[in-house]
Amino acid sequence: MGERKGKLVIVSGPSGSGKTTLVARLKQLEPQRLWVSVSATTRPPRPGEKNGQSYWFVSPQEFQQMIRQGELLEWAEVYPGIFYGTPRRPVEEHLAQGKWVLLEIDVQGAQQVLKRFPQAVTIFVRPRTWEQLQQRLRRRGTEDPQALQKRLQVAQREWNQAHLYKHQVINDKIEDAVQEMLRILNSSEA
Ligand code: 5GP
């Protein structure tokens, strides 16, 4: 048997696209093959979020230090003053083990990763229409109006970058979308 080769998979999509739920479902279905990267962020944890599970929650100073020490594969200021980045080492280790390494990151981060891993499989997750996305974001109702406005702006910017991705997955029905992602992962050369 030849050496097992890992596959780097980048999943992006605007807030409200349902990408986090999709990724969680994929992980359930492929616990052996798939490893999902845990990002570092300077945003505070939401209720129920545990350090090291959804994110590594770090201070702005710690984040800057990670940048300086070259510990991040990519990083971006996704919202004003709020930074997110992918720790490099675990990504490299899991790729070396032959895993599908999945990064759920924004468009800016995806562009940085593609410079280093041009063969990465890129997937953009979105609802069918921009109107559906707006509705989903409004319905969440967890944000104050200003925060919602900001999210809509960022979502619009991301929506317009969808063409940069090799694959688009329309998330109407979660099980269909998950199957579509599995089909992409199984058929992609990387
Ligand atoms: P949230 O704070 O709602 O979990 O995530 C907000 C946004 O940050 C999402 O679009 C998500 O894809 C992005 N994001 C999460 N982790 C990273 C990361 O490590 N790098 C980059 N560039 N974006 C990230």
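**Note on the predicted model**

1. The protein has 190 residues, for which a compact globule would have a radius of gyration near 16 Å; the value for the protein, 16 Å, agrees with this. The model is a predicted one, and the figures in this note are computed from it. Along the principal axes, the C-alpha trace extends over about 55 × 40 × 30 Å.

2. The secondary structure consists of seven helices and nine strands. Of the contacts with a separation of 6 or more, 69% are accounted for by residues 24 or more positions apart.

3. As to burial, 47% of the 190 residues count as buried, where buried means under 20% relative accessible area. The accessible surface of the protein comes to about 10600 Å². Carbon and sulfur atoms hold 50% of that surface.

4. Charged side chains number 28 positive and 20 negative in the protein. The centres of these two sets lie 2 Å apart.

5. Helix 5 covers residues 130-140, and its buried residues are Trp130, Leu133 and Leu137. Viewed down the helix axis, the buried residues of helix 5 fall within an arc of 60 degrees, and therefore they line one face of the helix.

6. Against which element do the buried residues of helix 5 pack? Their partner is helix 6, residues 145-159.

Methods:
Residues are numbered from 1 along each chain as its sequence is written. This is a predicted model: local features need pLDDT of at least 70, side-chain atom pairs count only at pLDDT 80 or more; totals for chains, interfaces and linings use all residues. Side-chain values use heavy atoms; hydrogens and water are left out. Helices (H or I, at least four residues) and strands (E, at least two) are DSSP runs, numbered from the N terminus. The radius of gyration is taken over C-alpha atoms; the globule rule is 2.2 Å times the number of residues to the power 0.38. Buried means under 20% relative accessible area, exposed over 50%, partly exposed in between (1.4 Å probe, protein chains only). Contact means heavy atoms within 4.5 Å. Accessible areas come from the Shrake-Rupley method with a 1.4 Å probe; for residues, only the protein chains shown count as cover. Lys and Arg count as positive and Asp and Glu as negative; His and the chain ends are not counted. The place of a charge is taken as NZ of Lys, CZ of Arg, CG of Asp or CD of Glu. The arc is that of the directions from the helix axis to the C-beta atoms.
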